[in-house]
Amino acid sequence: MTDSLKDYQQVRGLAIQSLFEIIEQSSEGTVIVDRDATIVWMNERYARRFGLKSADQAIGQPCEQVISNSLLRQVVRNDQPILLDIQDTPKGPLVVMRLPIHNDAGAVIGAIGFALFDELRNLSPLIERYLSLQQELASTRSLLRSRQSKYNFAHFIGTSAASLEVKRRARRSASAESPVLLLGETGTGKELLAQAIHGASTRAHKAFVSINSAAIPADLLEAEFFGTAPGAFTGADRKGRPGKFQIAQGGTLFLDEIGDMPLPLQSKLLRVLQEKEFEPVGSNEMLHSDVRVIAATSMDLEAAIKRGEFRADLYYRLNVLPIQVPPLRERLDDIPALSEAILEELRSQHELDQDALTLLAQHAWPGNIRELRNVLERAALLSDDLVLDAREIRAAIGTFTPVARNPLPAVEGESFSAARERFDRQVIGAALGASGGNVVEAARRLGLGRSTLYKKMVALGISESQ
Ligand SMILES: Nc1ncnc2c1ncn2[C@@H]1O[C@H](COP(=O)(O)OP(=O)(O)OP(=O)(O)O)[C@@H](O)[C@H]1O
């Protein structure tokens, strides 16, 4: 018994010695700190890994000064080893082991850290796994960042009454959960607004995903929306693929050109909006959906319903918070600020002279803000001068479409005051007509005080019912 115990003590002693030697020899580095976590010894190889010329430079330094994320201080303080850990260093990750050092009385007097490199071949799968997990994490993070919205309300430039109203409604819709329907011509900023709504909502930290029904062939749309189940297809899609609804889970799904959605898909979309669940293509399983939908269209959906091309029930479901985004020609006051913001965004040094701005306010902008951007970009590229003039803008516009102004036809020999009276009569008559004869409403439309409008009407002999 005593003999075998002696044996044991001897074997233990040898084991401790061998263990230390093997680890010391196969380690990438060894560092020893004292009770204050000040480095008292470091091997040369380890010093070089941290950019030091020699280990002498490390002696006397707090351990974190040399190894920025060192945990040796913690080991000394807690008197607890950290047996296996991964430490990032400027030259790649290391597997490290940190142990407290005790004196004969069992008190902590310091700590030792071994950095094990991949000479210990059986650790390399661990490092590879760690690296691949890190890569996966980085790419997931960057994917999420790229899916988060790029724009907020400050990006929607415009202080005209029409723009302010659009922004007011959009801001309000951000705090709701119901679908939003953005109506407006191409290039008016519908997607920008959708992103801003998402960014101001409680879903902002989740994905903003957009899908354009007009840009994807009809037979692929269902899989794009709802994904495919594993085994539903052969070849590349065998494993199954997530659809936009899955990718947007917890976030916002922007359905652009909703008017172009085929009827069978409209029924499926309606079901997701109502039941909050959907079925991937080729699957029998229902998946729960937590997605806020923002839809947009440049199409007259009511006309499409009459033609039988759009489901009325889907329209009512989507039309909870409609926002009409006016075309640029109805908010020409925004052009100077928009132009400045666009030129700035293009990092262009160019400015516009007064005639150029006047000309910009005379074009009807069928392509709206996207067209304005293209015109300014083209003009800035082609001009040598930093001040863009009307001639250069005119050349960049290409096909000029003047804004319709319903000009009054001139009457031969008519005096100025007669022409002016005719003009006043027409403008007031039109405002009254549009307001159903309501003078207060007509005055508001014309930007006149009610009594001023009354006086003008009396002077012109216009009655209220007109
Ligand atoms: N009010 C605005 N202020 C600044 N930039 C704007 C504004 N509105 C639109 N833009 C810019 O104009 C371009 C077109 O806008 P966006 O894509 O949002 O329009 P859209 O209505 O969704 O168009 P489409 O229907 O063709 O998809 C984008 O570059 C956008 O940033």
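**Sheets, ligand shell and helix packing in the predicted model**

Strands β4 (92-102) and β5 (108-116) pair in the antiparallel sense through 8 bridges. Here two strands count as paired if DSSP finds at least two bridges between them, and the elements are DSSP runs numbered from the N terminus, namely helices (H or I, at least four residues) and strands (E, at least two). The structure is a predicted model, in which local features need pLDDT of at least 70 and side-chain atom pairs count only at pLDDT 80 or more, whereas totals for chains, interfaces and linings use all residues. Residues are numbered from 1 along each chain as its sequence is written.

Within the pairing of β4 with β5, Val96 stands opposite Ala115 of β5. The hairpin of these two strands has 5 residues between them, and Gly106 adopts a positive phi near 90°. On β3, antiparallel pairing with β4 extends over 6 bridges, and the bridge partner of Gln87 is Leu94 in β4. The hairpin formed by β3 and β4 has 2 residues between the strands.

These strands belong to an open sheet of 5 strands with antiparallel pairing and the order β2-β1-β5-β4-β3. Its edges are β2 (39-42) and β3 (82-89), each of which pairs on one side only. Neighbouring strands of the sheet are turned by 25° against each other on average, direction ignored. For such angles, axes are lines fitted to C-alpha atoms, for helices over the stretch in contact, and values run from 0 to 180 degrees between N-to-C directions.

A further open sheet comprises 5 strands with parallel pairing, in the order β7-β8-β11-β6-β12. Strands β7 (208-212) and β12 (321-324) form the edges, each pairing on one side only. The twist from one strand to the next averages 20°. Strand β6 (180-183) runs parallel to β11 (292-297), to which 4 bridges join it; Leu183 has Thr297 of β11 as its bridge partner. Helix α6 (161-174) packs on this sheet and touches β6 and β12, its direction making about 155° with that of β12. Contact between two residues requires C-beta atoms, placed from the backbone, to lie within 7 Å.

The ligand is surrounded by 20 residues, of which the closest are Ile157, Thr186, Gly189, Lys190 and Glu191. A residue is assigned to this shell if its C-beta atom, placed from the backbone, lies within 6 Å of the molecule. Helices α7 (190-199), α13 (335-345) and α15 (368-382) each supply at least two residues of the shell. By class, the shell contains 7 nonpolar, 8 polar and 5 charged residues; Ala, Val, Leu, Ile, Met, Phe, Trp, Tyr, Cys and Pro count as nonpolar, Asp, Glu, Lys and Arg as charged, and the others, Gly among them, as polar. The ligand lies between domain 2 (153-230 + 242-324) and domain 3 (328-397), because both give residues to the shell around it. The domain bounds come from an automatic or database domain assignment.

Helices α18 (439-446) and α19 (450-460) pack at an angle of about 105°, with their axes 9 Å apart. They are therefore roughly perpendicular to each other, a class that covers 65 to 115 degrees, with angles under 35 counted as roughly parallel, over 145 as roughly antiparallel and the rest as oblique. In this contact, Val439, Val440, Ala442, Ala443 and Leu446 of α18 meet Arg450, Leu453 and Tyr454 of α19. The contact has 7 nonpolar, no polar and 1 charged residues.
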